Amino acid sequence: MYEKNGEKYFVVDSHMHFWDASRENWVEGRENLAKGWIDCFYGYHTLAPPETHWTWEHYLKVSEEDLMKDVFEDGHVDKAIFQSTYLKYWYKDGFNTVEQNGSMLEKHPDKFIVNGRWDPRDGEAGLRQLEEDARRWNLKGVKLYTAEWHENGSRGWKLTDKESYRFLEKCRELGIRNIHAHKGPTIWPLNKDAFSMEDVDQTATDFPDLNFIIEHAGIPRIDDFAYMAVQEPNVYAGCSVVIGAHMHARPKTFARFMGELLFWVGEDRMTFGSDYNIWTPKWQIEGFVDWQMPDDEAFSDYPRLTTATKKKILGLNAAKLYGIEVPQECRLPEPPSIPEQPGEQLADESTPAGAQA
Amino acid sequence: MIERDTVWRALETVLDPELDEPITDLDFVASCTVSRDGVVSVHLRLPTFFCAPNFSFLMVADAFDAVSALDGVTRAEIVLDDHHASEEINGGVAAHARFVETFAGEADAELDELRRYFLEKAVIAGQDRVARPLVDAGVGPEELAELTLGAAPASPDLDRLRRRRAALGLPAEDDAPLLIHPDGSRVSSAQVPLHLRRARLTRLGMESNGDLCKSFLKTRYANTAGTG
């Protein structure tokens, strides 16, 4: 819990990792890919305030003690949700697997939630694995990484692939309601935009009972994301990277992102994620609680953030998605405020918009 | 003999299609050399090892075409450095292969549609660049809906918008409206507020992406400015 000026914030870090990018874990002959990957992440790391930077060596792999300190002791997080990313094509034991994350859950059952994963290209074996993982870790969510390279030579997949729908139906059957979708740099076919949101759009319509949390709010396609989210009530903006990569390094861009997301998506469908180990949560949470929309004229038609808005984004929204009990002192007064999604009225172009251009 | 400046000017016409900015401004040109016998060698570099292979291919292929077309160039060698698909892309472009052949089995069409999609975004974003100062100065939706390209204040952003529109076959003449839908039709005054709201968001997406790319390139090639 984070407390500031008498306000208590229940913090759910809904998108974090415990990765192993150490040299010992690089697949022989694919070291350039393994290194290329973590170098790419390290580029993001340097967008945080300098005093929080780690050395590249430390970034490769942190210890359990480091994680517990960074996330809970120093980091104010009440509940952390592990999102797995396998990348076994170039990391021998995987980058951040359900098993690795599960080992932390076993030691600290009250601190973590472990999300599963699946890959439609794994077929029947993948479905069985998902069932087993769901039982073992009591899965309430999965992380889907469509840019994953596969041993069968494929370099990505789409949520709308026929096999993918079988897995989504399996999620439904197993009570896995939260689908964290993550776009990455490669996908099949390569001629399409890897960050395209079309497949999420279609899938969210076809599975209205599942929640689709789009990590980093579709950035770099935040426009495509926003137009989809405004029409799909079960689509959420995962704010990992939105805060981490911009709040410190590009404050004006960050303000615009927040303004646009509040306008198009609304404060009830935005969730905080530190994206640890890319960044630590402490500076992000403290900074966000202190943050406000700038007073400049250029930001005048964006909504200002209330304390309630921040409480929802930092934890209450994710707590709702995952059925996490929130201490009385951190809850918002009942009845909950009316969901705000001002962009909705503008989504229909035939309606004359009242807002000033 | 071909001058290096001439080659550079040709490279300035090559855009990162996703960011809608010249590769020269983005510092993607790591080196550019011209030999006495007209062989031009250009090395390109990108912000990350995993930058999308489709956009990467387009930049290498466009650079190849732009340089090859110059009088006095006997051979153009365009090499993409430090990229997960360097080998395929460099080999493909050098062999005059198109994208589908270069990534056999991994692509089911050429990149025209992808390029078009991002040019359309550039045209939307460009409308915000030109219109935003007018909005800030108090110009209302009715006036904006009536405003033509010829009557809009001259600026590099306006020229850029015209070029992108022309490339897409959209109206780019003086009498064409400044604000248009993706199909080229006029935006009504009632549609102006939402239209500009969207234009601003698309611009934000593209420019913030460009900012990220620039900062990653800087980190990746710290202290090794392109020798241009």
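This note comments on a predicted model with chains A and B, point by point.

1. **Chain A, overall.** Chain A holds 12 helices and 10 strands. Its C-alpha atoms fill a box of roughly 55 × 45 × 35 Å along the principal axes. For 357 residues, a compact globule would have a radius of gyration near 21 Å; chain A has 20 Å, so the two agree.

2. **Chain A, interior and contacts.** Of the 357 residues of chain A, 48% count as buried. Take the contacts in chain A with a separation of 6 or more: 76% of them come from residues 24 or more positions apart.

3. **Helix α5 of chain A, length.** This helix covers residues 123-137, which makes 15 residues. At 1.5 Å a residue, α5(A) should span 21 Å.

4. **Helix α5 of chain A, buried face.** Which residues of α5(A) are buried? They are A:Leu130, A:Asp133 and A:Trp137. Viewed down the axis of α5(A), the buried residues fall within an arc of 70 degrees, and therefore line one face of the helix. The spacing follows a general rule: an α-helix has 3.6 residues a turn, so residues three or four places apart point the same way. Note that the buried set includes a charged residue, A:Asp133.

5. **Helix α5 of chain A, surroundings.** What do the buried residues of α5(A) pack against? Their partners are α4 (98-107), β5 (112-114) and α6 (162-174), again in chain A. On the other side of α5(A), the exposed residues are A:Glu124, A:Ala125, A:Arg128, A:Glu132 and A:Arg135. Just after the helix, A:Asn138 takes a positive phi of about 55 degrees.

6. **Chain B, overall.** Chain B has eight helices and five strands. Along the sequence, the pattern is α-β-β-β-β-α-β-α-α-α-α-α-α. The C-alpha atoms of chain B fill a box of roughly 55 × 40 × 35 Å along the principal axes. Buried residues make up 45% of its 228 residues. Of the contacts in chain B with a separation of 6 or more, 69% are between residues 24 or more positions apart.

7. **Chain B, domains.** Chain B is divided into domain 1 (4-110) and domain 2 (113-209). The centres of these two domains of chain B, taken over C-alpha atoms, are separated by 29 Å. How many residues of domain 1 of chain B are in contact with domain 2 of chain B? There are seven, and they meet seven residues of domain 2. The domain 1 side of this contact in chain B divides into four nonpolar, one polar and two charged residues.

8. **The contact of chains A and B.** Chain B brings 40 residues to the contact and chain A brings 35 residues. On the side of chain B that touches chain A, at least two residues each come from α2 (53-68), α5 (112-136), α6 (141-146) and α8 (192-220) of chain B. Helix α8(B) gives the most to that side, with 17 residues. By type, the residues on the side of chain B that touches chain A are 24 nonpolar, 10 polar and six charged.

Key
Residues are numbered from 1 along each chain as its sequence is written. Chains are lettered from A and ligands numbered from 1 in the order in which they are written. This is a predicted model: local features need pLDDT of at least 70, side-chain atom pairs count only at pLDDT 80 or more; totals for chains, interfaces and linings use all residues. Helices (H or I, at least four residues) and strands (E, at least two) are DSSP runs, numbered from the N terminus. The expected span of a helix is 1.5 Å times one less than its number of residues. A residue is buried if 20 or more other C-beta atoms lie within 10 Å of its own, exposed if 12 or fewer, and partly exposed in between; C-beta atoms are placed from the backbone. The arc is that of the directions from the helix axis to the C-beta atoms. Two residues are in contact if their C-beta atoms, placed from the backbone, lie within 7 Å. Domain bounds come from an automatic or database domain assignment. The radius of gyration is taken over C-alpha atoms; the globule rule is 2.2 Å times the number of residues to the power 0.38.
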